[in-house]
Amino acid sequence: MYWIHADPIMMFAPIAAVEGGIAHELSHISMGQTLSPYKREQEVKLSQKDLLYRTLDEIATDLDVIRRGGIRSLYSFTVFAEKNKQRKGILTREDGGLSLKEIKGELSHH
Ligand SMILES: [Zn+2]
């Protein structure tokens, strides 16, 4: 069983942004399911202690969302996160993921 915790500020987000945030989290889950339980545990440990690893994992997750057709919702989520980045919480995306500029660049190809 998985839980996706949403920052309460997401109640004020456009629905596309909510979809983008959920798509990102579901992608983490989906990618984790391709790993053995041992490798999944190793990945969690690496993510907790290695900022570069975590950043690359966040970028890979965003790219997976884009590959699955979720670029517009990911864009909406990232715009909303940028607007609210001064807030402390899970919405800050401080540990990586694609930047708004990078997602915008990808949008021009879709
Ligand atoms: Zn993530």
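These legends go with several close-up views of the model above. The model is predicted: local features need pLDDT of at least 70, side-chain atom pairs count only at pLDDT 80 or more, and totals for chains, interfaces and linings use all residues. Residues are numbered from 1 along each chain as its sequence is written.

**View 1. Helix α2, residues 37-49, lies largely in the open.**
Helices here are DSSP runs of H or I with at least four residues, numbered from the N terminus.

**View 2. The largest nonpolar core has 13 residues.**
Such a core is a set of buried Ala, Val, Leu, Ile, Met, Phe, Trp, Tyr and Cys residues joined through C-beta atoms within 7 Å. Ile71, Leu74, Phe77, Phe80 and Ile103 have the most contacts inside this core. Two or more residues each come from α1 (15-32), α3 (51-67) and α4 (71-83), and α4 gives the largest share, 6 residues.

**View 3. Helices α1 and α4 pack at an angle of about 105°.**
Their axes, lines fitted to C-alpha atoms over the stretch in contact, are 7 Å apart. With angles run from 0 to 180 degrees between N-to-C directions, α1 is roughly perpendicular to α4 (65 to 115 degrees).

**View 4. Phe77 touches Ala17, Gly20, Gly21 and His24.**
Contact means C-beta atoms, placed from the backbone, within 7 Å; residues up to four places away in sequence are not counted for Phe77.

Methods: The expected span of a helix is 1.5 Å times one less than its number of residues. A residue is buried if 20 or more other C-beta atoms lie within 10 Å of its own, exposed if 12 or fewer, and partly exposed in between; C-beta atoms are placed from the backbone. Two residues are in contact if their C-beta atoms, placed from the backbone, lie within 7 Å. Angles under 35 degrees count as roughly parallel, over 145 as roughly antiparallel, 65 to 115 as roughly perpendicular and the rest as oblique.
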